[in-house]
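Q: Could you walk me through this structure? I would like to start with the overall picture and then look at a few places in detail.

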Amino acid sequence: MTSSLTAPAWAAGVLGRANGLATALHAAFVVLVLASAVRYLSGHGFGDRAPWVLAGASVLLATYAAYRVVPGRLWLALLVAVWFGLVLLAPSFAWCAVPLSFVALRVQPFWPACVVVAGMVVTTVVTWTRMTDRLDPTIVFGPVCVAVLAVSAYRALERDALARQALLDDLHAAQGDLADAQHQAGVLAERARLSREIHDSVAQGLSSINLLLQAAEREWDDRPGAAREHAAQAAATARDGLDEVRRVVRDLAPADLVSGSLPDVLRQTCERMAEHSEVDVQVQVHGTPVALGPEVETALLRTARGALANVIEHAAAHTAVVTLTYQPDAVVLDVRDDGRGLVAGTTDPDRGRGLAGIRDRLQALGGTLVLESEPGEGTALAASIPLEES
């Protein structure tokens with residue numbers, strides 16, 4: 001993109017978008033053309049070639065001003081041609097070769113630009129030598145040194161610009177790789193989240209339905225009333241599971257939390273789960289309940305569900321105590337049972353996702369999970385999530 005101070009003709013050069021340099025070139029060129037015209041008039045007056053010189057200076061300025069509408073190389077060729085004619089009429093216009101050299105270096109690639117600069121240097125040396133009628137070393141070496149310095153400086157700037165562009169290209173490529181890596185990490189994190197959500201909703205619901213149907217099957221002949229009640233509870237659990245799946249798909253918090261506080265919902269959940277088992281589940285709340293936010297409350301509720309489901313299905317416990325404690329800087333959920341405890345190396349790999357999912361969910365919120373268990377002495381699970389400072 002070309003700015004308002006940058007000519008379209010500049011686009012061919014490596015430094016074509018150096019706006020500050022372009023502005024300086026514009027100003028220097030105009031000043032040198034006007035100064036050369038004044039110098040000629042002060043030395044020769046308005047006679048003889050003056051009208052041609054003034055007309056040529058006007059054409060040179062007009063040609064320079066046309067940089068926005070004339071293609072770059074054609075524009076440079078016209079400038080050099082008009083300048084060449086002016087130098088033949090008034091050698092003082094040779095000073096305009098300095099900004100024209102920079103123009104050539106900005107418009108043309110490096111080596112073609114060097115050819116143009118060399119041609120202007122030769123023209124300047126020849127015209128000044130003809131004017132003085134003698135070979136002056138300063139006239140020969142002055143323009144040459146100026147041209148060498150200009151070309152060398154521009155070459156250094158060009159290399160620096162190319163190096164910077166290469167760094168920018170590498171940076172853009174690295175940003176693209178980083179974006180791909182972040183996308184892949186996001187995909188993996190989303191898969192892990194879905195794994196946890198499915199385990200805590202679908203898997204636990206299906207486990208409860210399985211237990212209820214097994215109980216109904218055992219009592220179908222002897223206690224048909226109790227069997228029907230178990231079947232009805234299994235149907236209700238299936239409906240709840242379906243609703244939960246729909247909420248997982250919509251990535252929403254459990255609907256229970258919308259209509260009640262966390263302690264109330266926790267009690268209702270534990271009571272509903274205890275109805276399906278012989279475990280005596282007690283719920284205790286300590287401290288002053290505060291609003292925790294949907295993510296934290298959802299994590300705590302699903303942690304309680306997952307831990308209590310493990311107790312009911314695997315622990316062979318008689319009693320389980322679920323304790324929710326509001327501390328000044330954290331909220332802690334404890335689930336303790338008097339079951340058979342965990343035995344190292346006996347975890348079923350198909351059932352081992354529960355604790356890992358609970359730990360992952362807590363860590364995503366900056367929380368921790370501590371599990372203590374001894375064979376025959378029960379299990380204690382403590383989930384802690386820090387509270388944000390108000």
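**Overall picture and selected contacts**

A: The protein has 11 helices and 5 strands, and please keep in mind throughout that this is a predicted model.

Q: How much of the protein counts as buried?
A: Of its 390 residues, 39% count as buried.

Q: And what share of the contacts join residues at least 24 apart?
A: If we take the contacts between residues at least 6 apart in sequence, 68% of them join residues at least 24 apart.

Q: Let's go to the helices. At what angle do helix 2 and helix 3 pack?
A: Helix 2, which covers residues 50-65, and helix 3, which covers residues 72-89, pack at an angle of about 165 degrees, and their axes are 10 Å apart. Angles over 145 degrees count as roughly antiparallel, and the two helices are therefore roughly antiparallel to each other. Their crossing is left-handed.

Q: Which residues meet there?
A: From helix 2 the contact takes in W52, V53, G56, A57, V59, L60, T63 and Y64, and on the helix 3 side these meet W75, L78, L79, V82, W83, L86 and L89. By residue class, the contact of helix 2 with helix 3 divides into 13 nonpolar, 2 polar and no charged residues.

Q: What about helix 9 and helix 10, are they roughly parallel or antiparallel?
A: Helix 9 (residues 262-274) packs against helix 10 (residues 294-315) at an angle of about 20 degrees, with 11 Å between the axes. That makes helix 9 roughly parallel to helix 10, and the crossing of these two helices is right-handed.

Q: Which residues make that contact?
A: On the helix 9 side they are L262, V265, L266, T269, C270 and M273, while helix 10 brings in E297, L300, L301, A304, R305, L308, A309 and I312. The residues of this contact of helix 9 with helix 10 divide into 11 nonpolar, 1 polar and 2 charged.

Q: Switching to rings, how many aromatic pairs are there?
A: The count comes to 4 aromatic pairs. One of them is formed by F29 and Y64, a stacked pair with 4.4 Å centre to centre and 15 degrees between the planes. This pair links distant parts of the chain, since F29 sits in helix 1 (residues 19-44) and Y64 in helix 2, 35 residues apart.

Q: Are those two buried or exposed?
A: F29 is buried, with a relative accessible area of 0%, and Y64 is buried as well, at 4%.

Q: Which residues form the aromatic cluster?
A: F29, Y64, Y67 and W75 form one aromatic cluster.

Q: Now the strands: where does L371 lie, and what does it touch?
A: L371 lies in strand 4, residues 368-373, and, leaving out residues up to four places away in sequence, it touches L342, L355, T379, A380 and L381. L371 is partly exposed, with a relative accessible area of 32%. The C-alpha atoms of L371 and A383, which are 12 residues apart along the chain, are separated by 8.8 Å.

Q: Last one, where is V290?
A: V290 is in the loop between strand 1 (280-286) and helix 10, and at 38% relative accessibility V290 counts as partly exposed. V290 and L387 are 97 residues apart in sequence, while their C-alpha to C-alpha distance is 9.9 Å.

Note on methods: Residues numbered from 1 in each chain as written. Predicted model: local features only at pLDDT ≥ 70, side-chain atom pairs only at ≥ 80, totals over all residues. Heavy atoms only, no water. Axes fitted to C-alpha atoms, helices over the stretch in contact; angles between N-to-C directions. Helix = DSSP H or I, 4+ residues; strand = E, 2+ residues; numbered from the N terminus. Parallel < 35°, antiparallel > 145°, perpendicular 65-115°, else oblique. Left-handed = near helix turned anticlockwise from the far one by under 90°. Contact = heavy atoms within 4.5 Å. Nonpolar A, V, L, I, M, F, W, Y, C, P; charged D, E, K, R; others polar. Phe/Tyr/Trp six-rings, centres within 6.5 Å; stacked < 30°, edge-to-face > 60°. Buried < 20%, exposed > 50% of the residue type's maximum accessible area, 1.4 Å probe, protein only.
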